[in-house]
Amino acid sequence: NSEKLSSARFAEATDAFVEIFTASVDFDKRMAQQDIQGSIAHATMLGKIGILTESERDAIIDGLQQIGIEIEQGQFNWSVKQEDVHMNIEARLTDMIGIAGKKLHTGRSRNDQVATDIRLYLRDEIKRIRAELTRLQNALLNLAECEADTIMPGFTHLQVAQPITFGHHLMAWFEMLKRDNERLADCLKRINIMPLGAAALAGTSYPIDRHMTAQLLQFAEPSANSLDSVSDRDFAIEFCAAGSLIMMHLSRFSEELVLWSSAQFDFIDIPDAFCTGSSIMPQKKNPDVPELVRGKSGRVTGHLMSLLMLMKSQPLAYNKDNQEDKEPLFDTADTLINCLRAFADMVPRLSAKKDNMYRAAKQGFATATDLADYLVRKGLAFRDAHEIVGRAVRLGVETERDLSELTLTELQQFSDCIDEDVFNVLTLEGSVAARKHIGGTAPDTVREAISKARAELSGN
Ligand code: ARG
């Protein structure tokens, strides 16, 4: 069965290089099981409406299942001559069961077939990606719980800003991933629509039952417009956009892990199992996993751009351009799973160097805002308080002391509203504990946020 597809139309054979150039089987064979799944549903429906006899239908389904096993066991003979996954499977089916195999493609085109396969494929991948994402979210919750009281500096402009808890910082990562997870779930709603029945572009003259096929394939419903069904790939772009956001988040997360594990910060320890050494410098322990994840974020965003550019000028309906959608899409799914998996394995094993974090929070006048707020409580306007504390900080900078290390008399020279009780607000513990409204960094508030998040996540 090595004849040219629709060969009767052509006066000459396909150019040998063009045959290879236009083939997609090398990569789209990845959707073989989804292709078989779709074909089985299609054949079942054709049987019900009387286009196939029961025995033809059964022969097709048995044959397809057999082919599924051959592929799984690596015994399937893929051929570039058959162009893509769809033609390879159909040709093998006909070799296997004869004339009934030639009837499978009744009322269908590769255009609606491939759109269906991609949707089935993405549905499977999203399930796996969400499972890894959820595992990472759980890891963050567990770590945040252990570190709810751990004080560290919070940064803006990468300069020490105010004290926070490490648990609070970890929960910030959790929130981002939570939205990412929701985005995937939402994207799935638009993926889970069935194009089969659109045929090449206009639908088919056979009395097909699209609701039946949709139900067999567990799609929410058949698509509403045949032209749109075979030509748009916005669902795939949406998936890559959601994937790019995940990778953007993981990249920021990575950047912090890289910084924090450096000797200059020394806030955390990344377990040896997730680091590698240097071929020349014997002392090195490099944070390869976060660095690589940070790097891979660029590649996923690149795939998003590829797909947007691929689609932007295509006239309706299907064009061969669309064959270019698969490699970026597959690589996006693979990269997401691998990066999330590495993070979900690594995060439970991160350890906080609490003393170093605490010491760093004591530097950089992290409680300056607390002193201003203290003055406001004593009756000053915030802008005046801001000015007064600025002067106190300057004395601290000049004499190389934190605000809490200035004496009461020294502080009082800036404002006579300052009393002995000022030292309560100048401590790191007092500063974080005071931020106890919803969304604040106080240890008890963080613990509440964790238990709320845990309940929501287990209901996912
Ligand atoms: N391999 C093709 C793709 O990936 C399948 C659809 C081809 N349809 C066509 N009329 N050439 O898009």
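Student: In which sense, left-handed or right-handed, does α10 pass α11?

Tutor: In this predicted model, where local features need pLDDT of at least 70, side-chain atom pairs count only at pLDDT 80 or more, and totals for chains, interfaces and linings use all residues, the crossing of α10 with α11 is left-handed, a term used if the near helix is turned anticlockwise from the far one by less than a right angle. Residues are numbered from 1 along each chain as its sequence is written.

Student: What makes α10 roughly antiparallel to α11?

Tutor: Helix α10 (residues 234-260) and helix α11 (residues 288-311) pack at about 160°, with their axes 8 Å apart. Angles over 145 degrees count as roughly antiparallel, and therefore α10 and α11 receive that name. Their contact divides into 16 nonpolar, 7 polar and 4 charged residues.

Student: Which residues touch the most other members of the largest nonpolar core?

Tutor: Of its 110 residues, L140, A144, F343 and L371 do, and the largest share of the core, 14 residues, comes from helix α6 (residues 110-146). F343 touches L136, L250 and V293, not counting residues up to four places away in sequence.

Student: How do you know that R377 counts as exposed?

Tutor: R377, in helix α14 (residues 368-377), has 10 C-beta neighbours inside 10 Å. A residue is exposed if that number is 12 or fewer, buried if it is 20 or more, and partly exposed in between, so R377 counts as exposed. C417, 40 residues from R377 in sequence, is 9.8 Å from R377 in space, C-alpha to C-alpha.

Student: Why is T106 called partly exposed?

Tutor: T106, in the loop between α5 (85-97) and α6, has 14 other C-beta atoms within 10 Å, and is therefore partly exposed. Leaving aside neighbours within four places in sequence, T106 is in contact with L46, I51 and Y206. T106 and Y206 are 100 residues apart along the chain, yet 8.4 Å separates their C-alpha atoms.

Technical notes
Axes fitted to C-alpha atoms, helices over the stretch in contact; angles between N-to-C directions. Helix = DSSP H or I, 4+ residues; strand = E, 2+ residues; numbered from the N terminus. Core = buried A, V, L, I, M, F, W, Y, C linked by C-beta atoms within 7 Å. Contact = placed C-beta atoms within 7 Å. Parallel < 35°, antiparallel > 145°, perpendicular 65-115°, else oblique. Nonpolar A, V, L, I, M, F, W, Y, C, P; charged D, E, K, R; others polar.
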